[in-house]
Amino acid sequence: MAIEALDRRQEDFQRESALKQNINSDQWMTLRVLESFGWTLKFVRKSKAGPLAAVYDPEKHCLAIIEPDGTLNENPQLAFRPS
């Protein structure tokens, strides 16, 4: 059972590391600050303006977007599929 938990954590770490390779330096700096408050990077989508990084706020139980310029958009005009 403990080995499965370690494997899952390792998979999560590898997935998040791969996602971070798709964001720019402004987004990375914002993400580092948010991670110190418990936020996590969930996915990255491409847009005409640049990558959009979706982050999860565990306190509010909601998704927000880190825009290509590094600003946090807590009220994105995007539709998210329920997980």
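## Contacts of Ala54

In this predicted model, Ala54 is in contact (heavy atoms within 4.5 Å) with Thr40, Leu41, Lys42, Phe43, Ala64 and Ile65, once its neighbours within four places in sequence are left aside. Ala54 lies in strand E2, residues 52-57, where helices (H or I, at least four residues) and strands (E, at least two) are DSSP runs numbered from the N terminus. Ala54 counts as buried because its relative accessibility is 0%, the classes being buried under 20% relative accessible area, exposed over 50% and partly exposed in between, with a 1.4 Å probe and protein chains only. Val44 is 10 residues from Ala54 in sequence, and their C-alpha atoms are 6.0 Å apart.

## Pairing of E1 and E2

E1 and E2 pair in the antiparallel sense over 5 bridges, pairing requiring that DSSP find at least two bridges between two strands. Leu41 stands opposite Val55 in E2. The hairpin of E1 and E2 has 6 residues between the strands, and in this hairpin Gly50 takes a positive phi near 135 degrees.

## The nonpolar core

The largest nonpolar core has 11 residues, among them Leu31, Leu41, Val44 and Val55; such a core is a set of buried Ala, Val, Leu, Ile, Met, Phe, Trp, Tyr and Cys residues joined through side-chain atoms within 4.5 Å. Helix H2 (25-35), strand E1 (40-45), E2 and strand E3 (62-66) each give two or more residues to this core. Leu31 touches Lys20, Ile23, Leu41, Val55 and Ile66, not counting residues up to four places away in sequence.

## Basis of the values

Residues are numbered from 1 along each chain as its sequence is written, and side-chain values use heavy atoms, with hydrogens and water left out. As the model is predicted, local features need pLDDT of at least 70 and side-chain atom pairs count only at pLDDT 80 or more, whereas totals for chains, interfaces and linings use all residues.
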